[in-house]
2 protein chains.
Amino acid sequence: LAVIILPARDTPAALRDVAAHGVKHVVLSAGGFAETDEVGACIQQELLDILSRYHVTVLGPNTSGHVSTPVRFTSSFFPLGEIRRGNIGYIAQTGNFATFTMKYILSSECFGVSRVVGLGNKIDIEESRALAYLGDDPETHAIVMYLESIKYPRRFLSVARRVAQQKPVVMLKGGATTAGKQAASAHTAALAAEDRIVDGLLGQAGIVRLQTYTELILAGKVLSTCRLPIKNRVGFLAPSGAMLVVLSDLCTRLGLSIPPLCEETRERIQAITPPFIRIRNPVDIWAAALACGVKSAYATGMEALLEDPNIDAVIPIFMLTRETGMPDDFSFVADLAQRHGKKPILISFTGDKECMDECRSALEPLGMPTFMQIEEPFYALSILYRCAEARRKSRCRSED
Amino acid sequence: LAVIILPARDTPAALRDVAAHGVKHVVLSAGGFAETDEVGACIQQELLDILSRYHVTVLGPNTSGHVSTPVRFTSSFFPLGEIRRGNIGYIAQTGNFATFTMKYILSSECFGVSRVVGLGNKIDIEESRALAYLGDDPETHAIVMYLESIKYPRRFLSVARRVAQQKPVVMLKGGATTAGKQAASAHTAALAAEDRIVDGLLGQAGIVRLQTYTELILAGKVLSTCRLPIKNRVGFLAPSGAMLVVLSDLCTRLGLSIPPLCEETRERIQAITPPFIRIRNPVDIWAAALACGVKSAYATGMEALLEDPNIDAVIPIFMLTRETGMPDDFSFVADLAQRHGKKPILISFTGDKECMDECRSALEPLGMPTFMQIEEPFYALSILYRCAEARRKSRCRSED
């Protein structure tokens with residue numbers, strides 16, 4: 001393997017050199033090719049001519065390279081230090097996931113990655129090949145993609161259909177709008193397709209579409225820690241009626257259902273709740289917390305929901321301040337997760353920021369995903385659920 | 001003023017007592033009225049009968065009370081400590097803003113409040129009256145509302161139209177969906193209206209509608225620190241082509257435009273940028289940061305955008321890691337804001353979480369709003385812009 005980090009104009013000669021010396025794999029890091037101007041486009045054409053003469057596999061140009069944590073390797077020029085090993089694979093038509101977005105993930109989140117591929121201008125390795133590789137990779141349990149264009153749509157569809165039956169694949173497509181397309185052209189010389197066609201393609205491929213950059217991180221986090229839920233039936237607890245209302249609205253918008261509780265579940269939570277609160281789903285938990293303590297109320301409420309056969313995932317919103325009582329520890333949440341491993345538990349909080357940070361620091365290293373904004377666990381669950389649906393549809397189709 | 005914190009069944013007698021003794025203003029804190037069951041509904045009817053006999057103004061029941069920072073007063077039972085004085089007024093059909101959501105704002109944000117009114121079941125004081133009061137209140141520069149129902153829609157429309165000409169009014173309406181309406185009925189006995197009617201009413205009233213609970217905090221933050229922009233033309237800088245692409249898509253979805261730069265602006269930024277990056281709006285700033293330092297590149301880029309007559313607001317996404325160089329201080333951002341006070345500057349970042357926190361801690365106390373997720377300054381700017389539009393339309397209508 002050779003990594004060439006030279007200005008665009010010096011890159012073709014260097015590529016020819018290493019190829020002539022028998023190097024089979026090359027990463028081309030520099031920018032300044034088709035994404036910049038006519039001159040750059042000509043240099044990129046030179047690279048293609050070299051490719052057609054030598055048997056050499058090229059990543060880039062215009063890429064920060066790749067990462068492979070199982071073999072502790074990176075071709076990235078960015079000083080990331082040790083990259084945390086995990087089960088998420090990133091395929092990105094940007095260098096961010098081998099540079100500063102990875103830095104953000106390493107410094108702010110607890111999940112790790114298996115492989116990261118920064119595709120750049122993809123004169124050789126493109127998304128279909130990268131996806132096929134990660135699809136077969138036993139280190140990679142879920143694949144998160146960022147693309148600005150799809151080079152060979154037919155090939156991509158056929159690869160993605162196969163991979164999406166095996167593991168979750170989610171994607172943010174940059175350049176969905178005219179303004180985004182213009183920026184994409186300046187970024188990776190991408191010619192973005194009509195967005196409805198992309199939508200249709202991803203749907204057929206069994207790939208779940210994301211809407212924001214932040215969801216690329218959210219998806220990695222939740223797919224690395226949670227199983228896919230059986231169905232979309234969520235049970236959630238919050239310390240506030242208003243939160244229950246607006247989060248119910250959010251569930252509807254996200255396609256999550258809030259089923260009635262089994263009478264047994266309802267009675268278990270009602271038993272610790274003063275009578276002026278009538279327990280239903282979603283669960284108004286604060287009166288119980290005042291009556292029997294924050295930890296005990298949430299533990300009872302969460303366990304009852306987890307054991308309810310009509311519930312597929314549980315979201316507690318903890319209310320944490322010293323004045324109202326911080327749980328002495330949060331291991332009860334991890335215990336619940338262990339005993340009910342099939343149902344995702346996604347955690348958020350409100351109250352004193354310091355207490356929220358404390359809860360996050362306690363739970364995330366135990367593999368429990370927490371979210372600083374109360375809407376985020378619902379976005380995350382919706383990603384999980386759509387992945388489950390996409391897989392089911394993919395498998396049905398393959399049986400037809 | 002009397003604050004009655006007794007169980008629902010004991011509340012009518014206590015209200016009668018204090019009213020008979022000449023108390024003119026009463027806060028009724030307990031829950032357990034119409035939101036709970038038939039019995040509670042009967043007790044609430046008793047309260048109404050008392051109201052019709054005595055000249056007494058009632059807030060609640062089922063409320064955490066109110067806050068008035070200019071006179072350092074609160075009727076809330078929640079241990080909040082000193083509540084930060086500021087220019088944002090909250091009117092909420094929930095107690096959260098006089099309890100734990102205020103705790104969150106106090107511990108996580110830098111902005112302060114003028115008044116907070118928790119409406120509860122609003123047997124007397126309702127949203128129209130609270131809005132009229134805050135509309136005339138010189139301490140309140142912008143009003144953030146959370147409602148689950150609108151008691152007197154005609155009165156509300158007429159009050160809101162007047163207030164929205166004077167100051168920004170934004171609202172989250174809980175109970176927009178069937179699931180949300182059911183939760184609202186259990187929360188404040190609210191009978192939520194058909195959502196399209198609410199949409200029409202708010203549009204006519206000049207009130208900007210929010211979509212999530214987190215935006216209630218985001219809106220308070222941005223309205224407390226920024227002027228409304230003249231138009232919707234944003235200039236933004238990011239360290240990454242992919243971010244420029246997806247944030248351009250986001251701008252389109254939010255109704256923000258990304259105009260071409262004046263040639264002079266373009267040349268100023270191009271002058272510090274290596275030629276392989278062609279400067280345009282949005283601005284790919286990282287090559288310049290590598291060439292002349294992070295602080296110098298962002299300062300030059302931001303100043304050029306702020307001085308461009310085609311740009312109404314500027315959003316820098318800082319890339320912060322120790323390895324790539326942290327600015328020695330961030331006061332240049334506050335300096336820029338002071339010299340270009342009419343144009344909002346909304347800040348976000350990526351990179352090392354610790355460095356991001358450091359930047360936030362430096363800028364927020366100076367009145368510069370920062371956002372931990374790169375999409376948030378765009379949501380915030382869209383709120384500001386929609387407030388500006390709503391005001392313009394309100395004023396046009398009043399001149400007709």
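The legends below describe close-up views of aromatic rings in a predicted model. In this predicted model local features need pLDDT of at least 70 and side-chain atom pairs count only at pLDDT 80 or more, while totals for chains, interfaces and linings use all residues; side-chain values use heavy atoms, with hydrogens and water left out. Residues are numbered from 1 along each chain as its sequence is written, and chains are lettered from A and ligands numbered from 1 in the order in which they are written.

**View 1. The ring pair of B:Tyr90 and B:Phe97.** Over all chains, a search of the whole structure finds twelve aromatic pairs, a pair being rings of Phe, Tyr and Trp (its six-membered ring) with centres within 6.5 Å, counted as stacked with planes under 30 degrees apart, edge-to-face over 60 and tilted for the rest. Because the planes of B:Tyr90 and B:Phe97 stand at 20 degrees, with the ring centres 4.5 Å apart, this pair is stacked. B:Tyr90 is buried at a relative accessible area of 1%, where buried means under 20%, exposed over 50% and partly exposed in between (1.4 Å probe, protein chains only); B:Phe97 is likewise buried, at 1%.

**View 2. The ring pair of B:Tyr298 and B:Phe318.** The ring centres of B:Tyr298 and B:Phe318 are 4.7 Å apart and their planes lie at 50 degrees, so the pair is tilted. Both residues, B:Tyr298 and B:Phe318, are buried.

**View 3. A cluster of rings in chain A.** Ring pairs join A:Tyr298, A:Phe318, A:Phe330 and A:Phe332 into a cluster.
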